[in-house]
Amino acid sequence: MTRQLNRVRQAALPLLVVAAAAIGLAGCTRGATPSTGNATSGATPVAVANPCGVLAPTGTPALPSNPGDDQTQIDCSAWQAFIALNWQADPNKPGFPDPNAAWPSFGTPGDMRPKVWESYLEASAVFGGTTPLKGMWQAKRPAKQLTRTSKFGPLDLTSIAQAGSGDHWLTNQRGDVTYYEILMNQDEFEFITQTGFDLTTAAGQLACATQPGKPISDGPPPPPDAPKRGGLNFPAGQQPGWDDTDCAGNIASFGQGVGAIEIKASWTPLPADHSLDYRYKTALAQIQDPKTKTMRTVTVGLTGLHIARKRFPRLPWVWATFEHIDNTPDEAANGGFTAPTLPANANQRPSPGYTFFNPGCTPQSDPTYGCRHNFPPRPCGTGGICMPYDAPMQITRLNPVGATANGVTAYVWSLLPAKSVFNYYRLIDVQWPQTGIANPVPGPGLKVPLTMGNPMPQGNAGGTTQIVADTTMESFQQSSNSCMDCHVYASIASPATVQARTPGKLLKVAKPAPKDPAASYAADYSFTFLAETRR
């Protein structure tokens, strides 16, 4: 068999799903309105027809290898990825599911043991430069510490139409801010730390991106004009007709061979009396007060999960987002709101209220935001009126979840154990590239912007109803961009961008790339390099 990209272009292999998720807070009892569409716990379960065919999610920890060929099948694979990644992690083997965990225990309330994705590595730890990279993956994970109060961290992405990035935080109705994690799987970690290229440094990223590359063949010599492989291209998983390569263009294997996976998760502190633990995937975490910088240990609940995965042949990645059902209502006409349409679920208890919205808000009770929906906060020190971190916000969903995603969620809910906390999580949407192989081909020297691969849903080009957004991660730019609208501009770091970092200041990302030549090289749709590189 000849492994060449011109051959790969003709391959009809399906894409491995990448899911993206976002996180919110749960359970405000003040002026709360239960969401409609939920059955009362104890009701007779209703059988739900399988919309997924052979791609139906199962109660197993297997990551999907076939994402399907249409939105329904893509959504089905996203849910299977959600199940696999939220399986109990093997305590002795990071990144792997516990072989002793069984389906009936999936999502047991109060179980704070790490799930598979929680045993991945935090991006800040990999790029921190204080811990030896060798042996890091096998090392015991530290206790969970949450200090990020912005999904975008130190990046200011307003120049690429991502209003609300940088210092914009999110506060729930209990006055607690939302915390974020960014994690990577073993495949991505091993690519970043490959022999000969330290991609945790700006110099290493540039050296990787500018390699001359090599044509790949295990048969006859490739023609002189054969596409070259190599450069800064994350692994997509070993498949017939495809091999991953290192920066130099040599065939290589990374991690588990499932493709690079990045996770973005958001958490909210839960009530100290544990009254809401039954409806959240929980964890014990140290959280940092954004103002005083002091730490305290609390129980946090997952409000959103974004799963991004690169898998051949969908080389522009696949982006899936899940949220807790209590996060927000939907926006209605004339500045109103309406309860979201949810599938029936006999295993759900009535909602205690929205986490990020107060239906009884009045301008008198909300002197900070005046009950304005999705209004971004302004930190003190930027001029004008600043907002306190503990002022609750009024967040609504601008783009209601569609019937396709709801139909797949209904089916998965019908399979879950009755008491599983995941009965309270739903798929929001999945954005995926219909054109799998990137153009230009994934080799060395690629510049921003990369191709979007004719995605579905289309994103900004298709209008507001086509935008995939998470209310806890894209709270203030739900009408501007989907995942890929932004990630095509992700570049590597450069000495200039590293030197430009000033404590407490944001790093502005320009569109198109900055004049700095090094910063124009693409980082394979990942903002991890730009956000985390310190050296």
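## Aromatic rings

Rings of Phe, Tyr and Trp, the last by its six-membered ring, pair if their centres lie within 6.5 Å. Planes under 30 degrees apart count as stacked. This structure is a predicted model. By the pairing rule, the count comes to 25 aromatic pairs. One of them joins Trp 103 and Phe 106. Their centres are 5.0 Å apart, with 15° between the planes, and the pair is stacked. Phe 106 counts as buried, at 4% relative accessibility. Trp 103 and Phe 106 also belong to one aromatic cluster.

Phe 234 and Phe 529 form another stacked pair. Here the distance is 5.7 Å centre to centre, and the planes are 10° apart. Phe 234 lies in the loop between α5 and β6, and Phe 529 lies in helix α9 (residues 528–532), so the pair ties together parts that are 295 residues apart in sequence. Phe 234 is buried at 2% relative accessibility. Phe 529 is buried too, at 1%.

## An enclosed strand

Now look at strand β6, residues 261–269. Are its residues buried or exposed? Nine of the nine are buried, so the strand is largely enclosed by the rest of the structure. In a regular strand the side chains alternate between the two faces of the sheet. Both faces of β6 are covered. On one side, Ile 261, Ile 263, Ala 265, Trp 267 and Pro 269 are buried.

Which strands pair with β6? Strand β5 (residues 179–184) runs antiparallel to β6, and six bridges join the two. Leu 183 has Ile 263 in β6 as its bridge partner. Strand β8 (residues 295–311) also pairs with β6 in the antiparallel sense, over nine bridges. There, Glu 262 has Ala 308 in β8 as its bridge partner.

## Three disulfides

A disulfide is a covalent bond between the sulfur atoms of two cysteines. How many does a search of the whole structure find? The search finds three. One joins Cys 52 and Cys 76, with the sulfur atoms 2.0 Å apart. The torsion about this S-S bond is about -80°, so the disulfide is left-handed. Cys 52 lies in the loop between β1 (22–23) and α2, and Cys 76 lies in helix α2, so the pair ties together parts that are 24 residues apart in sequence. Cys 52 is buried, with a relative accessible area of 4%. Cys 76 is buried at 0%.

Another disulfide joins Cys 208 and Cys 247, with the sulfur atoms 2.1 Å apart. This link is left-handed, with -90° about the S-S bond. Cys 208 lies in helix α5 (residues 202–209) and Cys 247 in the loop between α5 and β6, so the pair ties together parts that are 39 residues apart in sequence. Cys 208 is buried at 0% relative accessibility. Cys 247 is buried, also with a relative accessible area of 0%. The pair Cys 361 and Cys 371 forms a disulfide with the sulfur atoms 2.1 Å apart. Its torsion is -90°, and the link is left-handed. Cys 361 and Cys 371 are ten residues apart, and each lies in the loop between β11 (336–338) and α6. Buried means under 20% relative accessible area. At 18%, Cys 361 counts as buried. At 16%, Cys 371 does too.

Cys 483 is in no disulfide. The cut-off for a disulfide is 2.5 Å. Cys 483 is buried at 9% relative accessibility, and Cys 486 is buried at 1%.

## The second largest pocket

The second largest pocket has a volume of about 330 Å³. Of the 21 residues that line it, the closest to its centre are Pro 400, Gly 402, Asp 429, Pro 457 and Thr 465. Eleven lining residues are nonpolar, seven are polar and three are charged.

Which elements each supply at least two residues of this lining? They are α2 (71–85), α6 (403–415) and β12 (425–433). The largest share, three residues, comes from α6.

Terms used:
Residues are numbered from 1 along each chain as its sequence is written. This is a predicted model: local features need pLDDT of at least 70, side-chain atom pairs count only at pLDDT 80 or more; totals for chains, interfaces and linings use all residues. Side-chain values use heavy atoms; hydrogens and water are left out. Buried means under 20% relative accessible area, exposed over 50%, partly exposed in between (1.4 Å probe, protein chains only). Helices (H or I, at least four residues) and strands (E, at least two) are DSSP runs, numbered from the N terminus. Two strands pair if DSSP finds at least two bridges between them. On a 1 Å grid over the protein atoms alone, a cavity is a set of points where a 1.4 Å probe fits but cannot get out, and a pocket is an open set with protein on both sides within 12 Å along at least five of seven lines; lining residues have an atom within 4 Å of a point. Grid points are joined across faces, edges and corners, and a volume is the space filled by probe spheres set on the points. Ala, Val, Leu, Ile, Met, Phe, Trp, Tyr, Cys and Pro count as nonpolar, Asp, Glu, Lys and Arg as charged, and the others, Gly among them, as polar. Rings of Phe, Tyr and Trp (its six-membered ring) pair if their centres lie within 6.5 Å; planes under 30 degrees apart count as stacked, over 60 as edge-to-face and the rest as tilted.
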